[in-house]
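Biologist: I've got a model open and I'd like to learn how to read it. Can you take me through some features, one at a time?

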Amino acid sequence: MKKFLSFLLTFTVTFLCVCFLNSQSTAASEEILLEEDFEKEGLPDGFKVIEGNASVVDGALELTSPSTSQPSRVIFSVGEDLGDYIFEADVSFKSAVDDGRWASLMYRIQDENYPYYQFAVRKGTAALNGIELALRTPSNTWDVQATNFYPEDFQYNETYRLKVIAKHDRVQQYINDQLVIDSDLVGTYLEGDLGFQVSGATVAFDNVKVTTSTQELPPLEESNAFLPEEPETNIVNAPTVISSEIPNQFDELEGVSSVLFPAELNDDGHVTVGGSTLTDILAVSKEKVIPVIQVDDPNAVEGVIDALQSTSINDVHILSANVDILENIKSAYPIARGAILYEKNHLNKHDLKKLVEDANMSRSFTVVLPEQHISIDNTHYFHTRAISVWGIGENAYDLIHAGVDGIISSNPAETTAVFENYPERTIVQRPIVVAHRGVPSLAPENTMAGYHLSYELGADLIETDVQRTKDGHLVIMHDTTVDRTTNGTGAVSELTLEEIRGLDAGSHFDEEFAGEKVPTFREFLEGFKGKDVLLLVELKGIGIEEQVLQEIIEVGMEENVVLQSFDMESVKKFREIAPQISVGYLYSASVPDSPEQRIQDAERMLNYATGIGARLNASYGSLSEESITYMRQRGLINMHWTFRSQEPFKDLLKKGLIGPITDYTQWLSDGPTFIETPIKKRNIKVGKSATIQAKTFVNYRMDRSENLETTLYSHDNDRYVDVTGNTITALAPGRAEVFAVHTFNMLDEDWNLVSKPIEVNVSK
C-alpha cells in the first residue's frame, strides 16, 4: 500500500520533476546545523513559544491549538543571515478539530514573528489544498503560493517526515521523501528563523534536523501538460479524434489528440507496439499525442507498468475489455485513466447497466463502443451517468451525430476532414441539463412541485440536497436551517421529521404553492422511479452515506442515481460502499491567468479525479476553455454549478460545456436535441436543378417532435453543386454532401441543428 501511495504522489505533484538529491551524498556534503530529538525535559535552548501552547511530551515537541483563531507557534534560530537550509522533522497528528486543520514547518521567519513562509499539511491531506506553500504577509494575512494533495489523509498517531529545501528563490517541499511542492516563489525573504505551527489540532514534532543547503536546486521544471491539436470545425464540443494507425512521425498528425498503441508481449518477454518497444514509442510520442495503450494480455500488465514508470508518462489512457487488467494497472499506476472496450455483439439494457458499474468500479471514466452500438440514446445513457463515450468506426458522420466524445479511426485524415463541413454554432451533442433543486426560478426549491416541473421541462438530471433530522430521518433541504425556505425556524438537525413535515415550503415563493411540504428523501426517490431521468443527490453532511445508500437500494434506484458532495470524506465513503455508482466532488477554484497555467491546473485536477475515482463538479467560475478541452480530450465528463445568468451559460456552451447545473431548465427546453430527414440521397444531372423541401423531424426535450421546413447547407462543394436556399443546381459530375439545417434561438443566440448529410450524386 505504501508503495502504491508513494508512486501516485510522484506523478501528482504540482510541477512534475525528478528528485535529484541523493540523501547519503547530501549528508556527507552538507553541514549539520541542528539536530534535536527532545529527549530532555522542557524546551531545548533556543526554542521559543511565540503564541499558544507547546511543551515536550513523551520525547516529542507537542503543540496544541484549540481553534483556527488560537494557533500555537514555536520558533528557533540556527544562525544569523541564514535562509538556505534543509529543514526536516517527523510530524504526527494526535487530534484535530476537523480534517481542514493543519500543522506546518515555518521558515525564513522575519523579526521573530512574521512575515514567513510555511509548508503546511492538513489532517485531510487528500483534499485539493491538503498541502500548501503559503506566505504570511507583512500585514499578517495569508497568501497561498501553491497547493497540492497527498494520496491519503494523514492518519492519527502515524509519523510522516516533512522536509523543506530552500535555496535562494527556490523551494522544494517533501512528504516521506516524495516531492509535493516545487516553486520559485520564495524570493521575497531570503533568510530568517525556523519554527513549527499548529492550527486547530494537537501535533507532535520530533527528530528535527537542519543542514546547510549548498547545492543549487535545478531550474523549475516546465510542466509537460499540453493540449493536442483539435480538428478545424464549427461544431460546438466536437469529439476528439484518436488514431488507431501509428504514424511514422507524430509531428505530422493534424487534428488528432490521441494514438492507440496495441501492446503485445513478444517471445522475449518485452512489451511491444508494432516493431518498437512500448518504452521507445512512449518516449518519442511524449507531449505530442496522448497515448491510449490497449492491453488484452494479462501477462503484459507488468511490462506496461514498467514502461510507464521508466518514461514518467502521467498523461495516458489504458484501454481493455478486461476489467481486471484495468484494475491491476491502475492499482500500480493510479493516475492512468481507464477506458473499457466493449466487444460483444449485443448491447441491451443489462449490458448498459453492467458497463456503467464496471467503469465506476474500475475508476474508469470512458467506455469505447464499436460503431454498431453507437446511438443517440446509448450516448445519452452514459452521459447522464457522467461517463464519456468513444466510438470506433470510419463513418465519422454517424459517430458525430450520435454525440460521441471521441472517434477512434484508422484514417484520421479523412475523419478530421469531415469536421470542416458544418455551419457555425452547430450543436450535435445534447447538453446534459441538471435541474438545480428543481426549477427555483419557477417553483419553490427542493419541493416535489419543483421537481416534477423540471421533469416536465425535459431535465436530464434533477439535483437535490439531503440532510438528517434530529430523529434520524433523511429529508430534502439545502440550508442547515429551515428558515429561508419554509415558514419555520431552526436547524434541520435539531428538528424532528414531524416538525419539519408540518412546515409550509411553498408560500414563501408564491401562494400558488401554499402547503408544499419538505420532501423526505424516500419520497423524492419514489417520485421518479421508472421515469427517464437521473437524480443527482448531494449530501450536505458526513455520516449519512450508508443511510442514503440504503434508501436508494430499498427503492431500487441505484441505476438512476449519481452522488456528489463538497466533503471529500463523503466522496471517499461512497467510493468504498457504492463503488458502482458515479460520484462527483464539488469544489470551486480560481482560474489561473495564463493559458499555460490553466492547462497545468487542468492536468493537476484530472490527476486528482483519476486518483480518487470521482468527477470534478466545479463551479462554472472555475472553468476555462483550456480546462474544458483538456477534460474532453481525456474522457472526463463533469457537471458544473450553478448557472443563473445567460451570458456565462452561453459562453461556456460555446466552449464545450456538457453538464450545466442551472436554476433555469426552461432556457434549454425549447432547444431541439436532434434532427432527422427522410431524404438520404438525391441524383441530379449536370445543368439540372432540384428543390429539396426537407421536412425534418426536430426532436425536443419535452418528449415531442415537429415536422419543420429547413434550409440546405453545403460547405465547399461548389465544384459539383450550387446550393441556394432549398435549391440544388448540378454543376459537374461528382458527389456532394448537403445538410438540412434548422436554426433556433436559445439563450438569446442563434444555433444550428444539422442533419446527417444528404448525398447528392451528379452525373452527365
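This is a predicted model: local features need pLDDT of at least 70, side-chain atom pairs count only at pLDDT 80 or more; totals for chains, interfaces and linings use all residues.

Biologist: Let's start with empty space. How do I find it?

Modeller: Rolling a probe the size of a water molecule over the atoms shows where empty space is left. Here, the count comes to five cavities of 30 Å³ or more.

Biologist: How much space lies in the largest cavity, and what classes of residue make up its lining?

Modeller: The largest cavity holds about 100 Å³ of space. Its lining has five nonpolar, four polar and three charged residues. Among the residues lining the largest cavity are Phe226, Leu282, Lys286, Glu287 and Asp315.

Biologist: And pockets? What is the volume of the second largest pocket?

Modeller: About 820 Å³. The second largest pocket is lined by 29 residues, and those nearest its centre are Asp377, His380, Arg430, Asp532 and Val533.

Biologist: Which helix gives the largest share of that lining?

Modeller: H7 does, with five residues. Helix H6 (349-361), helix H7 (376-383) and helix H10 (448-456) each supply at least two residues of the lining. By class, the lining of the second largest pocket divides into twelve charged, ten nonpolar and seven polar residues.

Biologist: Now helix packing. At what angle do the axes of H15 and H16 cross?

Modeller: Helix H15 (residues 595-612) and helix H16 (residues 625-633) have axes that cross at roughly 40 degrees and come within 9 Å. Angles under 35 degrees would count as roughly parallel, and 65 to 115 as roughly perpendicular, so H15 and H16 are oblique to each other. H15 passes H16 in a right-handed crossing.

Biologist: Which residues make the contact?

Modeller: From H15, they are Pro595, Arg598, Ile599, Ala602, Glu603, Met605 and Leu606; from H16, they are Glu626, Ser627, Tyr630 and Met631. Sorted by class, the residues of this contact are seven nonpolar, three charged and one polar.

Biologist: Last topic, the backbone. Is the peptide bond from Tyr114 to Pro115 cis or trans?

Modeller: Look at omega: the bond from Tyr114 to Pro115 has a value near 5 degrees, and it is cis. Pro115 sits in the loop between strand E7 (102-109) and strand E8 (116-122).

Biologist: What about phi of Asp177?

Modeller: Phi of Asp177 is near 65 degrees, a positive value in a residue other than glycine. To find Asp177, go to the loop between strand E12 (170-175) and strand E13 (178-183).

Definitions and conventions
Residues are numbered from 1 along each chain as its sequence is written. Side-chain values use heavy atoms; hydrogens and water are left out. Axes are lines fitted to C-alpha atoms, for helices over the stretch in contact, and angles run from 0 to 180 degrees between N-to-C directions. Helices (H or I, at least four residues) and strands (E, at least two) are DSSP runs, numbered from the N terminus. Angles under 35 degrees count as roughly parallel, over 145 as roughly antiparallel, 65 to 115 as roughly perpendicular and the rest as oblique. A crossing is left-handed if the near helix is turned anticlockwise from the far one by less than a right angle, and right-handed if clockwise. Contact means heavy atoms within 4.5 Å. Ala, Val, Leu, Ile, Met, Phe, Trp, Tyr, Cys and Pro count as nonpolar, Asp, Glu, Lys and Arg as charged, and the others, Gly among them, as polar. On a 1 Å grid over the protein atoms alone, a cavity is a set of points where a 1.4 Å probe fits but cannot get out, and a pocket is an open set with protein on both sides within 12 Å along at least five of seven lines; lining residues have an atom within 4 Å of a point. Grid points are joined across faces, edges and corners, and a volume is the space filled by probe spheres set on the points.
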